[in-house]
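Student: I would like to learn how to read a sheet and its surroundings. Can we go through one together?

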Amino acid sequence: MRSLFPQLANNPKAAYAATAALAVVLAVLPLAVGMAGNAWVRMLDFALLYVMLALGLNIVVGYAGLLDLGYVAFYAVGAYMYALLASPHLMENFEWIAELFPNGLHSSIWFVVPLGAGLAATFGALLGAPTLRLRGDYLAIVTLGFGEIIRIFLNNLNAPLNITNGPQGISNIDPVRIGGVNFAKSLEIGGFELQSLQLYYYLFLVLTVGVIIVSVRLQDSRIGRAWVAIREDETAAKAMGINTRNVKLLAFAMGASFGGVSGAMFSAFQSFVSPESFILMESIVIVSMVVLGGMGHVPGVILGAILLYAIPESLRYAAKPLQEAIFGTEVVAPEALRMLLFGLAMVGIMLYRPSGLWPAPKHGINPAGNRGTGAAPGLGAQKS
Amino acid sequence: MSGASTDRAGARADDAAATAAGAGAGRAAARGGSGQAMLSVKGVNKRFGGLQALSDVGLEIQRGQIYGLIGPNGAGKTTFFNVITGLYTPDSGSFVLDGAPYEPTAVHMVARAGIARTFQNIRLFGEMTALENVMVGRHVRTRSGVWGAVFKTRAERNEETGIRRRALELLEYVGIVQYADFQARTLSYGDQRRLEIARALATDPKLLALDEPAAGMNATEKLGLRALLANIRDDGKTILLIEHDVKLVMGLCDRVTVLDYGKQIAEGLPADVQRSKAVIEAYLGAGHG
């Protein structure tokens, strides 16, 4: 609460009211947007997935200062894990698995979410281990390579054993089921109908809130301070007794686990995954969300994720009619225009808001230019 | 000054257990040079390629002493310092801290063993507040992990409260508590030095190792630093001080070692060292003796 509305820290009543208002808005949003069309609700769902991804990467890039250009690999790990555990693919290709599960291979979300987090965390640590001594550019290159390795594996693991079904991807993935509710079908509550997309929205919202809470609490903890200390000065952090190896691995693993959860949800939501969804461009977009939003600042990163997802997506719909209205004909293909404007926005933000759209508030910049301590004349006398 | 002395009293009460022996009897003995050594280093050799940076250097620091390590530029002071604190791996040498041998092979293990250091060119966590910087110093003496942080367990909350309280005490002790919520990089140079010392003290060190703390300070700041270091010693901490400023060293240190070209050329009380022919030659060149 305190970190949600820092301006209202001294006014708990107002903070509760603001939180309640925000909750109502978030709850009603998919219903309101649903009236404009399902495509928009779908955008909301994806925006939430990206918020989770960006917050996960924020732990690695924002808190610990480790530039990771292969983050999408963890998204892929989560997505393929769910795809394999909840689709007929493995059963069709391996007889012994089919025999093991006569009723088909299905996995409960209560099992998949922790497993996705755990598996991605393991991969995170696997990536972290060889890169511990690398910084900056070198780290970026190795992580970029890691992301590509995972994608290429997924692309080619269809022979000799067909595990990932190669470039064709895995389809027929189970939707999420909680209790008796099948998220692929609409749900009727007291005469009121919730679409599948809206159901997913609420599920993703719950997970996102969880991810936000974990992010904020970690930031404000012993581990979070150790991460930031490493980002600020690794040598000094070591000299303070921080085991930088373990703490960095922890950052990689924690960040990756959010990506894994998000990936599993993506897979269930789409009911189809293929390596195409996990290209380098995705990693770059997620890094951009963190950097443009405000590295290390949770609200900023959320804003960055939403904007960087929503702007190009809305251009997809708006670019064509807009051009036709202005020029009477389509001058630039919407896809090209999207990328053009995206690039332009990034350049603009980096020029005018180099620390991000919504960076962490700066504490106590001292306009008077404090010199000396003034507290104890004998100890630290004023300079002038 | 009254403010500072009450602060000190508070911090002293906090440290009471650790320093009960150190502050009084221990220190008297220490000045005399008897009793068990806090840090005993023998036979350190370190070679960088063809350069013998340290040859058979050793020192023994008694409990409650301020021990000075001086020498002209390039004498090997910082190399020696980095060896003790685990930044460089020595080719040989034996290290005993407070009666227990330690291996200076990993920097964070040295901090855990009980040596906290500051840096010649200040290395604070610039974007963090002064308070957070000191709180990081508590890392090595606390244990909460991800689980505690995410679920806000009682143990974690208690530990956080303790960390914050101790960090504030230390900021007060070094005299910059009024800047607790300022970003470290916005502090003045002298205050940054103080903050670095507070951060080092937060690790509950047995030995506080300071690498040229007075570098770049003006005369008043140096006086303030000197008073602070004397306070820290009087509260029972042991200090190793590398310093260029001979005046500061001579006035403050209980014992001094002089290095030149990686060799120990003198060791003893400051006044004796000052008169040593070898030292005068090292600083001024032969012919000035």
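Predicted model: local features only at pLDDT ≥ 70, side-chain atom pairs only at ≥ 80, totals over all residues.

Student: Which residue of β10(B) is the bridge partner of B:Leu259?

Tutor: B:Gln264 is that partner.

Student: What holds strands of a sheet together in general?

Tutor: Strands pair through backbone hydrogen bonds, in parallel or antiparallel fashion.

Student: In what order do the six strands of the open sheet in chain B lie?

Tutor: Read across as β6-β7-β8-β3-β9-β10. The pairing is mixed. At the edges stand β6 (115-117) and β10 (263-268) of chain B. Each has a single partner strand, so one side of each lacks a neighbour in the sheet. From one strand to the next, the twist averages 20°.

Student: Which strands does helix α2 of chain B lie across?

Tutor: Helix α2 (residues 77-84) lies across β3 (66-70), β6, β7 (207-211), β8 (238-242) and β9 of chain B. Its angle to β7(B) is about 145°. Helix α8 (residues 219-234) of chain B also packs on the sheet. Helix α8 touches β3, β7 and β8 of chain B, and makes about 150° with the direction of β8(B).

Student: Now a single residue. Is B:Val41 buried or exposed?

Tutor: Count neighbours. B:Val41 has 22 other C-beta atoms within 10 Å, and the cut-off for buried is 20 or more, so B:Val41 is buried. B:Val41 sits in strand β1 (residues 37-48) of chain B. Its contacts include B:Gly58, B:Ile84 and B:Phe95.

Student: How far apart are B:Val41 and B:Ser94 in sequence and in space?

Tutor: They are 53 residues apart in sequence, and 5.7 Å apart in space, C-alpha to C-alpha.

Key:
Residues numbered from 1 in each chain as written. Chains lettered and ligands numbered in written order. Helix = DSSP H or I, 4+ residues; strand = E, 2+ residues; numbered from the N terminus. Buried ≥ 20, exposed ≤ 12 C-beta atoms within 10 Å, placed from the backbone. Contact = placed C-beta atoms within 7 Å. Pairing = 2+ DSSP bridges. Axes fitted to C-alpha atoms, helices over the stretch in contact; angles between N-to-C directions. Lists of a residue's contacts leave out its neighbours within four places in sequence.
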